[in-house]
Amino acid sequence: TTGLLLSGAADASPRQGRAAAQDLDLVTSAHPTPLRRDDSDSADAVVAARGDAVKADAVATTATTCDGCHGESSTLQVIYVASPGSARLDNVASAWTQDCWDCSATALAVQLVVVGSGTRARPNNQALAVGAACATCRTATAAFQLVVQVAEVGPLPAATLGELRAWFDAEAAALRASVAAASPRRRGAERAATRSLLELRGMVVAELDGRTLSARAQVTR
């Protein structure tokens, strides 16, 4: 497992004395079965958060436990946090295979958050891949999280959102290719994740004329 941190962690102190809160969750889940050996789930959402205490969870999870089965989940969450306050941000990709032959599981979670100057963000980014009791199973996960601070929160242009979705699709395809290989290359995946994170940051930060509060990537094989 490799964690990549390209900037300092955002302010972790909570805001006191405010009651308004909003929970934003986006979850995808893939679970192949002998009746549906190939299962996939993908979702993306662009939302404007409201409230002084925002909690956002982007989750992709896949579990494969049947012979010859393949599962794939991918989540893309874009959040604009305009109100000053606190934002707890969790981005998690998890995949596991168990007791199966020639099976695979992948999960991709991407969370992009744009905050104003008065918002204190608490980012958390995790990826986990586990294979148990199987010799020919393959798992791969990737989690990317970017928190950008701007003077005035506004939406990304449609063209930039299109680029973001194309980047997201390319990352999902890379995960599929990694488990199709006979022996996934972990070190190569780590280098690729670093490049992808830099590409994501370059795509968004300059467009918003903002600064990076946190940029993290984690991959597991």
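Student: What makes the link between Cys 134 and Cys 137 a disulfide?

Tutor: A disulfide is a pair of cysteine sulfur atoms within 2.5 Å, and the sulfur atoms of Cys 134 and Cys 137 lie 1.9 Å apart, so the pair meets the definition. Please keep in mind that this is a predicted model, in which local features need pLDDT of at least 70 and side-chain atom pairs count only at pLDDT 80 or more, whereas totals for chains, interfaces and linings use all residues. Residues are numbered from 1 along each chain as its sequence is written, and side-chain values use heavy atoms, with hydrogens and water left out.

Student: Why are Cys 134 and Cys 137 called buried?

Tutor: Buried means under 20% relative accessible area, exposed over 50%, and partly exposed in between, with a 1.4 Å probe and protein chains only. Cys 134 has 19% relative accessibility and therefore counts as buried, and Cys 137, at 16%, counts as buried too. The torsion about their S-S bond is 75°, and the link of Cys 134 and Cys 137 is right-handed.

Student: How many disulfides does the rule give, and how are the bonded cysteines paired in sequence order?

Tutor: The count comes to 3 disulfides, and if the bonded cysteines are numbered in sequence order, the pairing is 1-2, 3-4, 5-6. One of them joins Cys 66 to Cys 69, with the sulfur atoms 2.0 Å apart, and another joins Cys 100 to Cys 103, with the sulfur atoms 1.9 Å apart.

Student: Why is the disulfide of Cys 66 and Cys 69 called left-handed?

Tutor: The torsion about the S-S bond of Cys 66 and Cys 69 is about -120°, and the disulfide is therefore left-handed. The link of Cys 100 and Cys 103, with 70° about the S-S bond, is right-handed.

Student: How do you know whether Cys 66, Cys 69, Cys 100 and Cys 103 are buried or exposed?

Tutor: Their relative accessible areas are set against the same cut-off for buried. Cys 66 has 6% and is buried, while Cys 69 has 0% and is likewise buried. Cys 100, with 4%, is buried, and Cys 103, at 0%, also counts as buried.

Student: What share of the protein as a whole is buried?

Tutor: Buried residues make up 50% of the 221 residues in the protein.

Student: Which strands form the open sheet, and what makes β2 and β8 its edge strands?

Tutor: The sheet has 4 strands in the order β2-β4-β6-β8, with parallel pairing. Strands β2 (21–30) and β8 (119–132) are the edge strands, since each pairs on one side only.

Student: How many helices and strands does the protein have, and in what order do they run?

Tutor: The secondary structure comes to 2 helices and 10 strands, and from the N terminus on the elements run β-β-β-β-β-β-β-β-β-α-α-β.

Terms used
Two strands pair if DSSP finds at least two bridges between them.
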